[in-house]
Amino acid sequence: MKKLPRIASAEPVIHGVLKIVWTDGYQGIVDLRPTIARGKIFTYLQKPKNFEKVRVSEYGHSIEWIDQNGDEIDFGADTLRSKAENQARLNEVASILQY
């Protein structure tokens, strides 16, 4: 059974975009702007000052924010890893197509 990825650190690059480092050493950039732009649950994250309050959950299973009502907004480590890998592949293809 494959071990699930855990997050070691997460920091905002720009509003809506995070640099995430996993415990296996993989580093990736995850663009969450399309996700947080839609859906009522993400309204809190649409403000840059709130997005900057990201933190890694205990044991690194997710990243999270606690909104003004005390509710948790989170993204799982495995979903974020998949997004990071997919976005890296798309960037690689885009850079090849530019030449």
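Guide: I14 stands opposite V17 in β2. The model is a predicted one, in which local features need pLDDT of at least 70, side-chain atom pairs count only at pLDDT 80 or more, and totals for chains, interfaces and linings use all residues. Residues are numbered from 1 along each chain as its sequence is written, and side-chain values use heavy atoms, with hydrogens and water left out.

β1 and strand β2 (residues 17–22) run antiparallel and are joined by six bridges. Two strands count as paired if DSSP finds at least two bridges between them; strands are DSSP runs of E with at least two residues, helices runs of H or I with at least four, both numbered from the N terminus. The pairing is part of an open, antiparallel sheet of three strands in the order β1-β2-β3. β1 (7–14) and β3 (27–31) are its edge strands, each pairing on one side only. On average, neighbouring strands of this sheet are turned by 25° against each other, direction ignored, the axes being lines fitted to C-alpha atoms.

A37 lies in the loop between α1 (33–36) and α2 (48–51). Its relative accessible area is 60%, so A37 is exposed (over 50%; buried is under 20%, partly exposed in between, with a 1.4 Å probe and protein chains only).

E64 belongs to strand β5 (residues 62–66). E64 counts as buried because its relative accessibility is 9%. Apart from neighbours within four places in sequence, E64 is in contact with K53, V54, R55, S57, E72, I73 and D74, contact meaning heavy atoms within 4.5 Å.

Notes. Axes are lines fitted to C-alpha atoms, for helices over the stretch in contact, and angles run from 0 to 180 degrees between N-to-C directions.
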